[in-house]
Amino acid sequence: MRTLLITGPGGSGRTTVAAATALAAARAGDRVLVLSADRDDTLGAVLGTPTGSEPVAAGERLTAWRPDAAAGFRDDLTAFQERATTALDLLGASRLDPEEVTPLPGAEELTLLRALRDAALSEQHDLLVVDLPATPHALALLALPEELRRYLRRLLPSERQAARALRPVLGRLAGVPMPAEWLYETAARWDVELAAVEAVVADRRTAVRLVAEPGPAGADAVRAAVLALALRGLRPDVLIANRVASEEWPAALVVQQRKVLEEWQETYDVHAVPHLGHDPRGADDLAALAVPNAVNPVSFTVEWPVTDHLADDGVLVWSLPLPGALRDDLDLVRRGDELVVTAGPFRRIVPLPSALRRCSVDGAALRDGVLRIRFAPDPRLWPGTR
């Protein structure tokens with residue numbers, strides 16, 4: 001199954017574009033699921049079919065789904081309380097009833113990630129169209145699985161699980177229950193679930209599509225989004241220039257949009273979508289937008305290659321494509337076997353490739369949108385360099 005993740009700045013019409021893309025693909029013969037995490041049923045309003053916690057038919061070969069974060073959070077909390085009965089009783093904690101539970105911040109994001117994983121693994125559809133939140137939240141959402149897995153590995157490292165066999169003995173000696181088995185089991189289950197989401201995002205059949213209005217604010221948002229995606233090893237397949245004015249619109253607006261469109265077309269694969277003069281509602285309006293429904297089969301994940309320059313310069317070079325990055329906004333910090341990369345307001349902690357873990361950072365340079373980091377072999381760790 002192909003997956004299309006659609007995002008854009010707030011107010012750019014990304015939900016409308018997601019719905020139009022899903023409808024066009026369904027009419028072209030694909031079995032399509034369009035997924036949204038909005039609390040308000042914006043997707044249903046655009047499609048003309050109310051959506052909710054259960055998938056609903058929104059047209060021939062088209063299914064729409066808006067998972068309920070509150071229900072998912074209640075189910076997770078209930079399961080947690082059941083598994084943590086001993087610890088809760090020991091602490092004298094009272095249970096929460098399902099009806100008094102409201103989702104915590106971040107519940108929508110986790111619910112959407114879980115739905116994304118379940119939909120991708122179901123094999124019931126040919127195309128999954130995901131209406132992501134506005135760009136800043138969407139980028140944080142895409143980063144969440146990797147970051148949570150890193151936290152789990154730091155807080156509950158796998159080697160500590162070897163001590164599980166000793167806990168019953170220690171518990172009898174201490175006279176109180178020791179950390180329960182469910183803690184590690186839960187962490188392992190979360191790690192598997194998060195790994196599945198990571199695999200969907202990194203799959204070569206997954207593409208990210210940006211939606212923005214051609215104008216100064218849209219141009220700034222696109223530059224920031226492309227840089228943030230690059231930091232995650234992704235690049236957009238298509239840039240949807242939404243609500244493009246016709247020649248009958250005010251001349252100043254037409255000229256402004258045309259200038260931005262020309263700049264975008266020099267760098268991106270741009271598809272212009274016309275402004276209908278009103279908010280699109282229903283299948284006829286969505287069809288009139290004529291958005292592209294095909295996902296380019298070329299992988300839109302970006303490799304970060306390590307190049308061997310040992311013979312010439314005595315270094316290995318790690319190349320990180322970061323289009324739009326500014327030299328003054330870049331920062332690198334080596335922490336053990338990880339590298340903290342900061343580009344403007346965005347940051348990512350990445351594990352070093354195995355060969356680079358035996359090296360020290362020897363410098364870095366940004367040229368033509370590519371950050372090249374030089375690594376010199378550490379004589380204490382690299383054979384034959386003493």
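**A first look at the chain and its helix contacts**

Ala355 is partly exposed, with a relative accessible area of 26%, on a scale where buried means under 20%, exposed over 50% and partly exposed in between, using a 1.4 Å probe and protein chains only. The model is a predicted one, in which local features need pLDDT of at least 70 and side-chain atom pairs count only at pLDDT 80 or more, while totals for chains, interfaces and linings use all residues. Residues are numbered from 1 along each chain as its sequence is written, and side-chain values use heavy atoms, with hydrogens and water left out.

Ala355 is a friendly place to begin. This residue sits in the loop that links strand S13 (346-351) to strand S14 (359-367); here strands are DSSP runs of E with at least two residues, helices are runs of H or I with at least four, and both are numbered from the N terminus. Leaving aside residues up to four places away in sequence, Ala355 touches Leu316 and Trp382, where a contact means heavy atoms within 4.5 Å. Phe375 lies 20 residues from Ala355 along the chain, and 9.6 Å separates their C-alpha atoms.

Stepping back to the whole chain, the model contains 12 helices and 15 strands. The chain has 386 residues, and 44% of them count as buried. Among contacts with a separation of 6 or more, 67% join residues 24 or more positions apart. The chain exposes about 20000 Å², with carbon and sulfur atoms supplying 54% of that area; accessible areas come from the Shrake-Rupley method with a 1.4 Å probe, and for residues only the protein chains shown count as cover.

Two helix pairs can now be described. Helix H1 (residues 14-27) packs with H11 at an angle of about 90°, and their axes are 9 Å apart. H1 is therefore roughly perpendicular to H11. Axes are lines fitted to C-alpha atoms, for helices over the stretch in contact, and angles run from 0 to 180 degrees between N-to-C directions. Angles under 35 degrees count as roughly parallel, over 145 as roughly antiparallel, 65 to 115 as roughly perpendicular and the rest as oblique. On the H1 side, the contact is made by Thr16, Ala19, Ala20, Leu23 and Arg27, and these meet Ala283, Leu286, Ala287 and Leu289 of H11. Sorted by class, the contact of H1 with H11 has 7 nonpolar, 1 polar and 1 charged residues. In this sorting, Ala, Val, Leu, Ile, Met, Phe, Trp, Tyr, Cys and Pro count as nonpolar, Asp, Glu, Lys and Arg as charged, and the others, Gly among them, as polar.

The second pair is H9 (residues 216-231) and H10 (residues 251-265), whose axes come within 10 Å and cross at roughly 20°. This angle makes H9 roughly parallel to H10. Their crossing is right-handed, a term used if the near helix is turned clockwise from the far one by less than a right angle, with anticlockwise giving left-handed. H9 contributes Pro216, Gly218, Ala219 and Val222 to the contact, and H10 contributes Gln256, Val260 and Trp264. By class, the contact of H9 with H10 has 5 nonpolar, 2 polar and no charged residues.

Most residues other than glycine have a negative phi. Arg243, although not a glycine, has a positive phi of about 60°. This arginine belongs to strand S7 (residues 236-244), and at 24% relative accessibility Arg243 counts as partly exposed. Ala290 is not a glycine either, and has a positive phi of about 50°. The place of Ala290 is the loop between helix H11 (282-289) and strand S9 (306-309), and its relative accessibility of 49% counts as partly exposed.

Leu194, in helix H8 (residues 181-202), counts as buried at 12% relative accessibility. Not counting residues up to four places away in sequence, Leu194 touches Pro145, Leu148, Arg149 and Leu152. Pro145 is 49 residues from Leu194 along the chain, with 5.1 Å between the C-alpha atoms. Arg114 is found in helix H5 (residues 107-122) and is partly exposed at 30% relative accessibility. From Arg114 to Val197 the sequence distance is 83 residues, and the C-alpha to C-alpha distance is 7.5 Å. Finally, Ser246 lies in the loop between S7 and H10 and is partly exposed, at 32% relative accessibility. Ser246 and His275 are 29 residues apart in sequence, with 7.6 Å from C-alpha to C-alpha.
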